[in-house]
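Biologist: I'd like to go through this one with you and ask how you know what you say about it. Ready when you are!

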Amino acid sequence: MRVTTTALPAQEQLRLPRPFWALWAGTLVNRLGTMVMPFTGVYLTQARGFSVAVAGLAMTLFGVGSLISQIVAGLLTDRIGRRATLSGSMVATAVVMLALGYSTGLAPILVGMFVLGLLIDAYRPASSALVADLVAPDLRPKAFGLIFWAINLGYAVAMVAGGWLAHLGFSWLFWADAATCAVFAVLVWRAVPETRPAHDGTTTGGFGTVLRDRTMVAFTLITFGQALVYLQTVTMLPVAMTDVAGLGTREFGMAMALNGILIVAFQPLVSGWLGRYDLSRVMALGLAVMAAGFAATAYATTAVHLALTVTLWTTGEIIAAGIGGTIVAALAPAHLRGRYSGLFGFAWAVASVVAPLAGSWLLTVGMAALWFTVGAVGLLTAAGMLALGPAVRHRTAGG
């Protein structure tokens, strides 16, 4: 069965369709089980007795797999289908999770980490393509925002549950993660129809077509800048606040909890409303507010100061949430949505490698060097989004 938004009655396009809610529920369940990756370093050093250097190598191999995964998954999304790619990658992730949980040798663990990097986020291009296929254009900002909300809510719960389960034994983490991946796969396979456009011999193109799309390439660079800024929250911000600014881990954790609280409380309320306005201007506003929040971190010396900066950059995060996926959906031809989404995800994957390298070097220079540079990158990214606005508006209107 194939479903597209153009095939739906007009009244059905006024609300989010039932298959979208199945996808949303599966995403939430999957994120509720995201327990292995946050505790991987601890698992490798404490449960398996490897050195910090080996743990770092394992995480590097995971990152290499992640870089490849978005391109491969985008290709599969367009060739074999959205539902097959998403469900297949989730089942494969569950199998690799369990294999890793019971591996003791160095070689199986290193290979398993690379394969896990290939698989764990391979669902993202397929998920983005499904949202674009199932949801009417006017409702896409709301839909992508709700997916973002589910990811954040699930992850927040998973961090708490994962810490508790780790005390019972690390194998529980692997079983929980694998089980939620399997549930996601089954839910999508049973409740979400395949939406890939049928091949009629007239639709052509591949990644070469995507890379020749100058608007998409420019937006990918903007996404890369956004990711460089945001990923400092999980790379250098903990180090800067605890090792340099001298905050305790409890103070840091309480301040950072504001991020999840604000997203869960406010993001679903504003995503649909913000989606009524020009996408490029809304995203530029969000990026600029994020930039200001990170730049202000240079002056954070107490938990209260940090909480204020977290509130500021989280506000920017909420404003921009869901806009990126909506723009990609507007730029991509229906038969290339997987590849376009894969390139979008690739920007985040590359940034996940570059962000800690650049951030750690800047932090050795000083707090001001790190956070003012991050703020400057954010402002440049916002300016770039404004400059790209006319092209995005033209393509959106054309679609």
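Biologist: How do you know how the span of helix α7 compares with what is expected?
Modeller: Keep in mind that this is a predicted model. Helix α7 runs over residues 140–168, which makes 29 residues.

Biologist: What makes S89 count as buried or exposed?
Modeller: Buried means under 20% relative accessible area. S89 has 6%, so it's buried. S89 lies in helix α4, residues 82–101.

Biologist: Which residues does S89 touch, if we skip those up to four places away in sequence?
Modeller: A84, L119, A122 and Y123.

Biologist: Why is A94 called buried?
Modeller: Again the cut-off is under 20%. A94 comes in at 9% relative accessibility, so it gets the label buried. You'll find A94 in helix α4 too.

Biologist: What is A94 in contact with, leaving aside its neighbours within four places in sequence?
Modeller: A94 is in contact with A178, C181 and A182. Contact here means heavy atoms within 4.5 Å. As for I120, it is 26 residues from A94 in sequence, and the two are 8.9 Å apart in space, C-alpha to C-alpha.

Biologist: Now the whole chain. How do you know whether its radius of gyration agrees with a compact globule?
Modeller: A compact globule of 399 residues would have a radius of gyration near 21 Å. The chain has 21 Å, so the two agree. The C-alpha trace spans about 60 × 45 × 35 Å along its principal axes. Buried residues make up 52% of the 399.

Biologist: Last one: how many positive and negative side chains does the chain have?
Modeller: There are 22 positive and 13 negative ones, and the centres of the two sets lie 5 Å apart.

Terms used:
Residues are numbered from 1 along each chain as its sequence is written. This is a predicted model: local features need pLDDT of at least 70, side-chain atom pairs count only at pLDDT 80 or more; totals for chains, interfaces and linings use all residues. Side-chain values use heavy atoms; hydrogens and water are left out. Helices (H or I, at least four residues) and strands (E, at least two) are DSSP runs, numbered from the N terminus. The expected span of a helix is 1.5 Å times one less than its number of residues. Buried means under 20% relative accessible area, exposed over 50%, partly exposed in between (1.4 Å probe, protein chains only). The radius of gyration is taken over C-alpha atoms; the globule rule is 2.2 Å times the number of residues to the power 0.38. Lys and Arg count as positive and Asp and Glu as negative; His and the chain ends are not counted. The place of a charge is taken as NZ of Lys, CZ of Arg, CG of Asp or CD of Glu.
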